Amino acid sequence: MGEKVVAGGFDLSDRHRYRRKLHECLEGLERLLAEKRFDRPKNMMGLEIELNLAGADGLPRMVNAQVLERIASPDFQTELGMFNLEVNVLPHRLDGRVFDQLSEELSAGLHYAHRQAAEIDAGVVMIGILPTISRADLALANLSAVDRYSLLNEQILMMRGEDFRLDIDGVERLTWSTGSIVPEAACTSVQLHLQVTPARFSDVWNAAQAVTAVQIAVGANSPFLFGHELWRESRPPLFTQATDTRPPELQAQGVRPRTWFGERWVDSVYELFAENVRFFPSLLPICDEEEPLRVLAEGGVPSLQELVLHNGTVYRWNRPVYGVADGVPHLRVENRVLPAGPTVADVVANAAFYYGLVRTLADEPRPVWTRMSFAEAEANFDAACRYGIDARIRWPRKGRGGGLVSVPAVRLVLDELLPMAAAGLDAWGIEPADRDHYLGIIEERCRRRVNGATWQVETYHRALAGGLERDAALAATTRRYSELMHKGDPVHTWPVGLEEQEVDATRAVRR
């Protein structure tokens, strides 16, 4: 990829050939679906977490290459910004004590990475947006030194034709113009994968779309950017605007953004891939040598590389994924809604809630997506991002009367969705001890109305009231967050506010 860019980028023939290959891949996918070539159900899940690197002062550290060199593990990879890492967990079967197992593996991996980062005066912080990130930190010079990131930045900017405009109106309003996609790196998330059969795909994807709002409401953890208090979960508007290839004129025409919620419930996975091809120009028109239709004609399984690459540049909150393992194709729903953190226990609890709830909703004889419009689901998502655990959600009324009712998100979770999640985990074969422990974390967050975003905001405002200025209060909040994150107790148990010695130390530094 890098050699091609150095050699002169893409020309018209590259884009023409890529479009042809995309349509061949799409036809190949359609044939694989018709011939029922996909893997049988295996109840497999996977997890990825994007991480921040920060120093003892709470400020971001641009050292991911050096940290990765010290970690020396394929489980950890680079991410867009030099202050980012990503950890990947090997696929697990959804049964038994899988969540305790995930917790142990993640804790061990993150502790190891943190120790390695400490050797160069950095540390791992698992948080949606690092509160201390500044405009200067999100400069092009801090893009990770990986060819695909440089190429992606170049192509998105070329397609847009002008600077990106950030405008997020929350508790405070933030506006800023930037000439690169690096602000996207401020967003660190958790991605939850679930392998599904083609027949099951649409039910799982629709269910996942329906629950994005409650995922955000209970899991919000990104209330700050550039010293501004914005939405309780500010990643979605930031990510949407930082990857927007549309100048204002195309936005006014209703052209779809590359980061989007979608626009309708679906009946098959094919519809989502076909939408991607139909609506979105290629960003990286790089063609593989494979001829997918020839591979199919010879009885093989094509990798559909062009389709996979293109799909990776359309940023749905629930993304369809095609893959091949051991010569057999499979499908996954990749849930990209949640922010990273606050702790491993919180991340695993969010995962348990999601997998259990999606299982029950996908099994319902009268599914939730037949009782509410797609536009309502998107409006719920927007409300949850703005207001977090204080959001109100419109949800189908119980009983035969139908219709939607507006209900506090915490009430909906406690009264209706947690029992559904528990039933779903039972259906997966999760041990009751795992089920009760991790769903209990979600329950306590709702009862106490506490998540990562509320803790950050309340601690920050107490620091301001204690006499710290804005930047100092954000840095002190970040340091305290990092300390509690590494202790590992769920966020609903964290004491709000700073330790007295933290306030004194911050004042001493300023003097």
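Predicted model: local features only at pLDDT ≥ 70, side-chain atom pairs only at ≥ 80, totals over all residues.
Visitor: How are two packed helices described, and what is the case for H3 and H4?

Guide: Two packed helices are described by the angle between their axes and the distance between those axes. Here, take helix H3 (residues 64–71) and helix H4 (residues 98–118). Their axes come within 9 Å and cross at roughly 120 degrees. That makes H3 oblique to H4. The crossing is right-handed.

Visitor: Which residues of H3 and H4 meet?

Guide: From H3 come Val67, Arg70 and Ile71. From H4 come Tyr112, Ala113, Gln116 and Ala117. The residues of this contact divide into five nonpolar, one polar and one charged.

Visitor: What should I know about phi and peptide bonds?

Guide: Most residues other than glycine have a negative phi, and most peptide bonds are trans. Look at Lys36: phi is positive, about 55 degrees, and the residue is not a glycine. Lys36 sits in the loop between helix H2 (12–34) and strand S1 (44–54). Leu304 also has a positive phi, near 55 degrees. Leu304 lies in the loop between helix H11 (292–297) and helix H12 (305–311).

Visitor: Is Leu304 buried or exposed? And Lys36, buried or exposed?

Guide: Leu304 is buried, because its relative accessible area is 0%. Lys36 has 74% relative accessibility, so Lys36 counts as exposed.

Visitor: Where is there a cis peptide bond?

Guide: Between Gly341 and Pro342, with omega about -5 degrees. Pro342 lies in the loop between strand S13 (328–335) and helix H13 (344–363).

Definitions and conventions. Residues numbered from 1 in each chain as written. Heavy atoms only, no water. Axes fitted to C-alpha atoms, helices over the stretch in contact; angles between N-to-C directions. Helix = DSSP H or I, 4+ residues; strand = E, 2+ residues; numbered from the N terminus. Parallel < 35°, antiparallel > 145°, perpendicular 65-115°, else oblique. Left-handed = near helix turned anticlockwise from the far one by under 90°. Contact = heavy atoms within 4.5 Å. Nonpolar A, V, L, I, M, F, W, Y, C, P; charged D, E, K, R; others polar. Buried < 20%, exposed > 50% of the residue type's maximum accessible area, 1.4 Å probe, protein only.
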